[in-house]
Amino acid sequence: MTLSKNLKEVPDFSGCSALKSITIPQGVTKIYGFSGCTSLSKINIPSGVIEIRSSAFKDCLNLSGVTLPSGLEVIEGSAFENCSNIKSITIPDSVILIGSKAFAGTGITQITVPQSVKTVGENAFGTYYSNVQQQYMPVSGFKAKVAINTAAYKHVTDNNIAYELYTKKLPEKLRVETDWSYSTTYTGKAIKVPVNIVTDPDVYPYPVLTAGKDYTVSYKNNINAGTGTIVITGKGNYKGTVEKTFTIYQKDIWGSNSKSNTFTVPEKVVYTGKALKPSVTVKDTERKVTLKKGTDYTVSYKNNKKLGSYATVTIK
């Protein structure tokens with residue numbers, strides 16, 4: 001069956017045992033109402049669908065051909081429960097919620113849960129309901145592929161579900177705590193703000209990552225005044241990079257460290273009738289370098305033309 005292209009909401013087909021296949025048009029964003037369609041074997045879910053509602057395909061015993069579209073966000077509880085002919089499923093990395101019993105009672109023995117998933121409901125996968133035991137039981141030989149420190153990782157470890165880890169991309173909102181008491185005033189040398197704690201924000205309580213095992217730290221643009229960057233690079237169970245910036249402040253050459261700075265200018269110059277601009281030398285004796293005019297400082301002159309006057313040189 002092919003539904004009208006102008007349809008925005010799918011009619012309720014629940015219990016329609018004669019329905020064998022259906023194509024849902026573009027424009028539909030939520031799917032529900034196919035539970036108990038025991039002859040339904042294939043369904044085309046278009047891009048644009050963001051939610052598969054509760055019990056949408058529950059007890060569709062012959063359903064096997066299901067492709068979840070990119071952009072799907074929510075798979076509610078019992079969405080595919082008891083669809084025993086579904087042997088595999090690919091969950092797109094846009095999904096953020098898998099509800100309780102969403103894939104319970106399916107024929108799936110291996111599932112990869114993307115790290116985008118923030119909520120996993122009870123018995124979401126790897127279980128089936130036993131009429132003998134009168135409870136949900138684990139599927140023999142089932143294994144989930146999950147990323148460490150995610151909702152799926154917590155789900156499988158809390159429920160003793162067999163799993164294997166895939167490498168997790170460092171979250172964009174990785175929490176990086178640095179020692180902000182560390183001076184970031186320009187010194188002419190590379191400034192490396194110490195990284196104290198890095199935590200993964202994807203699951204509570206936020207786990208602390210281990211330097212050298214889970215990540216390494218490097219820096220860039222961290223010498224001159226301006227914006228420096230801390231680069232956190234994943235290692236081991238983590239991959240990718242996350243960058244955090246910090247400010248490198250200009251050094252006040254005549255401020256609290258003025259004793260370490262010197263400048264020389266001629267005390268007397270020969271009158272010429274023109275504005276005189278004698279050369280100036282500025283040294284940072286702490287760094288043992290001569291500063292560069294125009295790069296490290298500017299010079300301006302005042303009262304520098306009249307004979308016998310005391311001229312003023314201003315260095316900024």
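What is the volume of the largest pocket? The largest pocket has a volume of about 430 Å³; the volume is the space filled by probe spheres set on grid points joined across faces, edges and corners. A pocket here is an open set of points on a 1 Å grid over the protein atoms alone, where a 1.4 Å probe fits, with protein on both sides within 12 Å along at least five of seven lines.

The model is predicted: local features need pLDDT of at least 70, side-chain atom pairs count only at pLDDT 80 or more, and totals for chains, interfaces and linings use all residues. Residues are numbered from 1 along each chain as its sequence is written, and side-chain values use heavy atoms, without hydrogens and water.

Select Glu-267, Lys-268, Val-269, Ser-309 and Ala-311, the closest to the pocket centre among its 20 lining residues (those with an atom within 4 Å of a point). By class, the lining holds 12 nonpolar, 4 polar and 4 charged residues (nonpolar: Ala, Val, Leu, Ile, Met, Phe, Trp, Tyr, Cys and Pro; charged: Asp, Glu, Lys and Arg; polar: the others, Gly among them).

Next, select Asn-303, in the loop between β24 (299-302) and β25 (312-315); strands are DSSP runs of E, at least two residues, numbered from the N terminus. Asn-303 has a positive phi of about 55° although it is not a glycine. Its relative accessibility is 49%, so Asn-303 counts as partly exposed (between 20% and 50% relative accessible area, 1.4 Å probe, protein chains only).

Move to Asn-123, in the loop between β9 (119-120) and β10 (127-130). Phi of Asn-123, likewise not a glycine, is positive, near 55°.

Finish at Pro-205, in the loop between β16 (195-199) and β17 (215-220). The peptide bond from Tyr-204 to Pro-205 is cis, with omega near -5°.

Key
Helices (H or I, at least four residues) and strands (E, at least two) are DSSP runs, numbered from the N terminus.
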